[in-house]
Structures are given as structure tokens and as C-alpha cells.
Amino acid sequence: MYQYIINGRKKLSGQIDISGDKNTALKIIPSTILSSEKSIISNIPDITDIKIMLEIMEDLGVIITLLDSQKYEFDCSNIHKTVIDPILAKKLRASTVLIGPMLARFGEVTLPHPGGCIIGQRPIDIHLDAFVKLGAKIEYHEDSYTIKASQLSGAKISPHTVSVTGTENIIMAAALSQGTTTIEYAACEPSVIALADFLNSRGAKISGAGSPRIIIEGVDKIIGGQTTTIPDRIEAGTFFILGAVGGGDITINNCDPNHLEVFLSFMDQIGIKYTRDQHQLHVYHSPDIKAKNMVTNPYPGFPTDLQAPYTILMTQTKGLSMIHETIFEGRLNYVEWLNKMGANIVSCDPHRAIVFGPTPLSGKKIVSPDIRAGIALVIAALIAEGQSQIDNIDLVDRGYANLDERLQSLGASVVRHQIN
Ligand code: EPZ
């Protein structure tokens, strides 16, 4: 277990290079299972979630070769089992997206109900219902599922809720099915587009990715290919907010501002000063910033993964702002820690909180509840007066590579300790 000791209120400025997108890499990596030919993926982020996904794939028999920094070759020609390691799968909710490619290639897969963040129920009914519609049968065991399909056939699938991994799982299963699959009410995230582009470059026939209606014409064979993971928009937005409240100015390199349009329009309304280029954002300390209500929505709306960092920003703005988390029912679990640091936030219900700002924050002993709340509390500690100790930093490591080194390069006083 690791903790951070942070001494706050250092003026933060300098350059940050954005990593490859965690939530894209976690899908394009298992998509290599759809072919017995080798694939190469670059710009894979060096984070714990990826390490677990690679371990799961190697346990199945995938030969993974590190070609260069963050660049791997995947050889899925020798997969020798269809049971996903239950201990590893429990650590990674995204292990769910192994079902689609394993079902499409081998006709069978067994895995436990996935684990992941404690941000809500995290059901997988959308995934399982879709696989049944595509012709699969599900055997429920004590704490795992075996899903079998001798042949997947195209179907019309209308999820009751926009599900990112649900959309991606269906795409991967339908890619090698017989006939045409239509997803009505698909997720539009950049990770969905990146997955479809990678699969299309390997012989798949997917149209409409990035829109609510995606059509997948099943093909007989998907070949190997090469791709580079898109930049992590959530990491870019997180460091943007750090720049806005951190007292200095921060240049965010290797990002794609086009994936943050709605987020940036909120920043405009709040009065954050920044400039943007094709692959860069430069954010400046912005003294007179105004509170603004925010509602999270599926892409292209305001991202739920930036909800917690946004709340930190609101604690430093003049006025009252409503934070409305519509995607998950457990994603405001960090508010109590912020109030302990001096914020003035009223929790209305599991989905809404009201922030009264600005309030000075003071350093405290904190425990990180999950990836995104964890990074938000790190930002809070960086702007707080005095010293903070943040436990459970292992959760933040799931989504942010070399975070302490990158923060130190901006002038932050943050030291990582192993505590047991
Ligand atoms: C993906 O999670 C991301 N994870 C999440 O990022 C992100 O917060 C989320 O999408 C929403 O944008 C990955 O891509 C690995 P959902 P996912 O299925 O796909 C309900 C992070 O910190 N639902 O889009 O698991 C669900 O309860 C993580 O990087 C069902 O009802 O989320 C939620 O209310 C956290 N049944 C809503 O849909 C299902 O079968 C959206 O969930 C699936 C989902």
C-alpha cells in the first residue's frame, strides 16, 4: 500500500505530457484476441489497470512482447484457455470486455462478476442481455458466468442505458458474427471510435461509431494490425483543473482538445484563462472565477470522470454551484473528505451536492476512495494550507502513470511512501 505526503500551496507551473487513454487501451488490447495474427499497439499507458489486463491476457496464453517504451506486440495465436483468472478479473471491472472477443473467437468464456471502483452497483446486464440476443447462452455459477455460443448471429440491440464498455463489448462480439448487428443508443466516447477504427483497419465492417446508432456487419476473418492509443482526455482535463487552481501556469502536451469541447466550454463560462492548439492546452492561473452548476452526461457531455476534480475547482470559486452526478450513484463519496479539509459542501442525495465557495482548504489525513476521487483529493491537498497524508494511493496509480514524479516536475511537494 502506498501513501502521499503533500505540502500544499506550492506555485505549480511547467509542462505535463499526457499518457495514452486508459479507457481506450483497456479495449483495443483485448480486441487483439479477435485474430490469430499479431497486432502492435503504441502509447499504452504505464498504469496498474493496464498491467492487470496484460497479466490476464498472458494467463490466457497471449504472447505479449515489449517492443519499445509503451509499445507492445500481441500474439493471440496460442490462447489455450477460456477461463479468465478470477483473482485478476476481480481487480479490474474492464475485464468484462474480454467476453466479446473471447465469445466471438472461441465460442466460450468464463469469468467472475467483475470488480472495480466502488462508485456504484456496476451491473453488467446490458452486456449479458446483448450476448443472449446475439445467440449466446449464459450459465450462472456461484460467483461467475460461463457464456457459450456455437455461432453468433447479428441482432438489433437497444441498451436501456448508454454503456461505454457495453457498446464496446457488443462491437467486438458482433464483429465476427453472421449477419448485421445494430446498436441503438450506443455510447459515443472517443474510446468507441478508436476501437471501431482499429477493428475496421483489420477487416471489420463497423459504421456509425461516435453516434448513437452503430451498425456492425459480421465478417469471417479479422487480421492483425497496428494502432496508437489516443491521448487520455480525462488526464488532460484533470491537469487542466490543477493548472486553474494551482497558482501558476501549466502546459499540457500530447492531448486532444477536441475530446474536451464541453469541458472547455464550462471552463470558458467559469472564466479560466487558457490557450489551445491542436495537441496542446496551456492553462493560466485565473483569479476571478465564477461558480457554475454542472451535470455529468454521456459523451460529448461533461465527463463523469472529471466530476470530482471539477468539484475541487468549485470550492475555489465565488458562489454556489450544484454538482449533479447522473451516471453513477456512488461517485460523490469524496465530499466528506473535502469538508474535513475546510470545504463547505452539502450532500443533497446520492447524485447531487451543493458547493459554497470559495473556501480555503487545509491539509488533513485522507483516504482515497477511488481513481477519480483520489486524484481530486490530491489536487485538493496540493492547494491546501499545510501538510496532507493521502492513503490508498494505489487506487490513483490505476489511472495516472508516474503521478508523483510528474507533479514534482511542476514544483509540487509530494513524496510517495510505502506503508505496508
Ligand atoms: C466506462 O465504465 C469507463 N470505464 C468509466 O471510467 C466511465 O466512468 C464510464 O464508462 C462512464 O463514462 C472504462 O471504460 C473501463 P457504463 P463502464 O457501462 O462502461 C449502467 C474510470 O475511472 N449500466 O458506461 O463500466 C451503470 O450502472 C472509469 O476510468 C447498467 O445499468 O460504465 C451506469 O449507471 C470509472 N448495466 C451507466 O450504465 C450495464 O450492464 C454507465 O455505465 C452496464 C452499465
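Predicted model: local features only at pLDDT ≥ 70, side-chain atom pairs only at ≥ 80, totals over all residues.

Trainee: In what order do the strands E9, E10, E11 and E12 sit?
Mentor: E9-E10-E12-E11, an open sheet with mixed pairing. Strands are DSSP runs (E, at least two residues; helices are H or I, at least four), numbered from the N terminus. Two strands pair if DSSP finds at least two bridges between them.

Trainee: Why do E9 and E11 each have a side without a neighbour?
Mentor: E9 (156–157) and E11 (205–207) are the edge strands, each with a single partner, so one side of each has no neighbour in the sheet.

Trainee: Do E9 and E10 run parallel or antiparallel?
Mentor: Parallel, with two bridges joining E9 to E10 (residues 180–184). Isoleucine 157 faces isoleucine 183 in E10.

Trainee: Other sheet now. Which strands form it?
Mentor: Four strands, in the order E2-E14-E16-E15, again open and mixed. E2 (14–17) and E15 (274–277) stand at the edges. From one strand to the next the twist averages 15°. Angles run from 0 to 180 degrees between N-to-C directions, with axes fitted to C-alpha atoms, for helices over the stretch in contact.

Trainee: How many bridges join E15 to E16?
Mentor: Four, and the two strands run antiparallel. Threonine 275 stands opposite histidine 282 in E16.

Trainee: Which helix packs on that sheet?
Mentor: H9 (residues 261–270), touching E15 and E16. Contact means heavy atoms within 4.5 Å. The direction of H9 makes about 155° with that of E15.

Methods
Residues numbered from 1 in each chain as written. Heavy atoms only, no water.
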